[in-house]
Protein chains: 2
Amino acid sequence: MLATFMYGPGDVRVEETEEPKILQPTDAIVRITLSCVCGSDLHAYHGGGTRSGIARMGHEFLGIVEETGTDVQTVKKGDLVLAPFVWADNTCDFCREGLHTSCRHGGAWGSGDVGGGQAEAVRVPQADGTLVKLPVPEDSELLPDLLTLSDVMCTGYHAAVKGRVSSDTTVTVIGDGAVGLSAVLSAKLLGASRIILMGRHTDRTNLGVEFGATDVVPERGEEGIQKVKDLTDGDGTHVVIEAVGFKDAYDQAFGVVRKGGTVSRVGVPQYQDANVGFPTMFFPNITLTGGVAPARAYIETLLPRVLDGSIHPGKVFDRTVALTDIAEAYRAMNDREALKVLVRP
Amino acid sequence: MLATFMYGPGDVRVEETEEPKILQPTDAIVRITLSCVCGSDLHAYHGGGTRSGIARMGHEFLGIVEETGTDVQTVKKGDLVLAPFVWADNTCDFCREGLHTSCRHGGAWGSGDVGGGQAEAVRVPQADGTLVKLPVPEDSELLPDLLTLSDVMCTGYHAAVKGRVSSDTTVTVIGDGAVGLSAVLSAKLLGASRIILMGRHTDRTNLGVEFGATDVVPERGEEGIQKVKDLTDGDGTHVVIEAVGFKDAYDQAFGVVRKGGTVSRVGVPQYQDANVGFPTMFFPNITLTGGVAPARAYIETLLPRVLDGSIHPGKVFDRTVALTDIAEAYRAMNDREALKVLVRP
C-alpha cells in the first residue's frame, strides 16, 4: 500500500510500504477513504523527520473497517469510522476524565509499530476505544465536516473549553489558520458574544466572520495589541485563544488578555521558556491553559452538531489532492496558498 | 507617629513621620492595633527599597477607626476593622468579579500618598470598599486569626480556589512558610483528602499536619519529585500549590503535577521566564494559574469560619514584637527563626 513519509525538511514522499496487519486482539485495520494535512504537520515539514530519521505522517482520517481483532466489539467489518488524532482505550482513569491524550494504553499515529493516517490503510490499536462509528453513508457530503472531528475542530473546541468560554466572556483568537477558525466556531458554539479574530489573510478571516468572529484585527505585535485594547475599552478580552504556536503569538496573547483572564494555547509551542513573571501574569492573575486536544472526548458533543447541520467545520478545507500528490498539499499549505487540504487515497 | 521604612537591603527602620490625614471624602484614618510581617516583605528585605528609594512597609493590619471622610457609610469612629492587603472600592466590575487586586480605583499600601500598615496609623482610601468591620471586642483572642484574613490565609485560600481544589482532587503544597501552611488549611477546608506538604522545617510541617497535611516530603528537587510520585502511584497530584516564588519551586511544581492537572502559584515569582514548553506543560495539558490574592473577595467566606472556631489560621504566628522592634522581626523571619511575626504598635 501507499503511505506518506517525511524524510527531512520539506521532503515529503509517498511510497509503497507493507500492508498493516492485526497484531493485538484489540486492533482493527481501517482502509482510509479520507485524510488531510494538519498545521502541526508543517512544524515537522520545517524541522524534518523525527530524531530517529524518517517520520510516518498523518493523524486525521476516516475510513472503512476492513478487519477486526477477536476482542473488538463496537465496530465491525464494513463500518464507516472516524479516528481521533491519538488512539486510546477510552476506559482508563485519564480517558474517563476526558484526557484521552494521556490514556494509559494509548499512543500517537506514526509511532512504534503503528502507521500514520496519510496512507491507504492503518492498524488501529484499542479499536473499541479509538474508533467512532459514523452514522452516514460512505459518500455523505458531510465527510469533510466529520473529518475535522479527528483533530482540528476538536482542537479549537478544546481551546474554548479550557478557556471556559461562555456567554459571559469575550474572546480573542490569535491565528487565522484552520485551528484558529475552528476556535472561533467553538467560541460561538459556547455562546461568546464578542469574538475578535487576529489574522491578516482576508479569505481566512472572512471564513472566521462566517464562523462567528465579530471583529477582525489584521495588525500584529504591539499594533495589534493596541487595536484589541481599543475595541475593548482598554481591557482586552476575558479569554485569548493562541492558535499559532510561536513565541510572538504567546506574547501577543498576554498583551490582549483582560486582568483575571485566561490564555488558552492550542498552537503547538515552538519554544520552551516564556514570560510567566509578576507584571505579565502573576499580578493580573492570568491563567495559562490549553494543550494537546483530547479529540475523542469532544466527539460525542460535536458529532450531533455536524449531523444536524448546525456547524460546518469542514469549510476549512479549500483544496483536495490525491494521496500521490500529497507533497503538493504540504507545499501549498506551507506557502499559505491553501488553508487545509483534503487527501483522498 | 511611628512607621516602618525599608532603606535598602536588610535596612529596616522605624521612624517618626507625619500623622495621616483625611484627603478624600471616601477615606478613613485607622489607628492600627495589630499588624505583622509578610513573607513577601522579605523579598523587599533582600532587594532593598523601591526604585525610587525608601519603601513604606506593611500591608496587613487591623485597628480602630479614628476618623472618616464625609462619604464613608459602612464604618464609623470606634469600629474595629480589618483591611485586606490592597485597598479597593468593592463596586467596580473587577471587584464584583472577585478580583479586588485589579480594582479600577484601588491600590497598594505604601504607594502614592498612602502609607504602610507597619505603623501606628494609616489613611485608608475607599474605606467603604476596603474595610471590614470585625464583630469581636478589641481584646478578642481571635485577633491573630482574624489578622491572617488581611493576606496570608486568603492567599492560601486563593491558591486552592484557583487550583479548583475539591474532594475529588489530590493536592501538593510546595513550601512550609505561612502561605504554604495556609494553603494546606485551605485545601482541607475545600475537601481535599490527600494533601502532601513539601517542606523541611519540622516545626512548620508539624503545624501543616495539624492543618490537614496527610504526608510530609522534606526532600527537594528531583529527590522530592520522586518521593511525591512514589506516594501517588507515579502520577503526581491533581493540584500543586507553589507557595515559595523561586524558579526551583516552579520546576518542582511541574515535576509533581498529574497530567491534566493545575499548578497554582501564590509565591511571588522572583523570575520572569520559565518553562511552558511542549513536554513540560502543553502535551500533558497542565494549567498554570494563581496570582496576587484578592483577599477582600474571600473575607466573607472565611470570617465566619474563624469566628466559629472551625479554623485557627493565626497559629502561623509564633512570635510578637513591638513596632519599635520590627527590624528584629524581619531578621528572625529572614533567618527562619520565626515563621511569622505579629507586630503591636
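## Salt bridge between the chains

Glu97(B) is partly exposed, at 47% relative accessible area, where partly exposed lies between buried (under 20%) and exposed (over 50%), with a 1.4 Å probe and protein chains only. Its partner in a salt bridge is Arg258(A), with the closest N and O atoms 2.8 Å apart; a salt bridge requires a side-chain nitrogen of Lys or Arg within 4 Å of a carboxyl oxygen of Asp or Glu. This pair crosses between chains, from the loop between helix H2 (93-96) and strand S8 (107-108) of chain B to strand S15 (residues 257-265) of chain A. Arg258(A) is buried, at 6% relative accessibility.

## Basis of the model

The model is predicted: local features need pLDDT of at least 70 and side-chain atom pairs pLDDT 80 or more, while totals for chains, interfaces and linings use all residues. Residues are numbered from 1 along each chain as its sequence is written, chains are lettered from A and ligands numbered from 1 in the order written, and side-chain values use heavy atoms, without hydrogens and water.

## Other salt bridges

Over all chains, the count is 44 salt bridges. A network of them links Asp93(A), Glu97(A), Arg104(A), Asp235(B) and Arg258(B).

Within chain B, Arg319(B) pairs with Glu337(B) at 3.7 Å between the closest N and O atoms. These residues are 18 apart, with Arg319(B) in strand S18 (residues 319-322) and Glu337(B) in the loop between helix H12 (326-334) and strand S19 (341-344). Arg319(B) is partly exposed at 29%, as is Glu337(B) at 44%. Lys76(B) and Asp79(B) also form a salt bridge, at 3.4 Å from N to O, and Asp79(B) is buried at 7%.

How values were computed
Helices (H or I, at least four residues) and strands (E, at least two) are DSSP runs, numbered from the N terminus.
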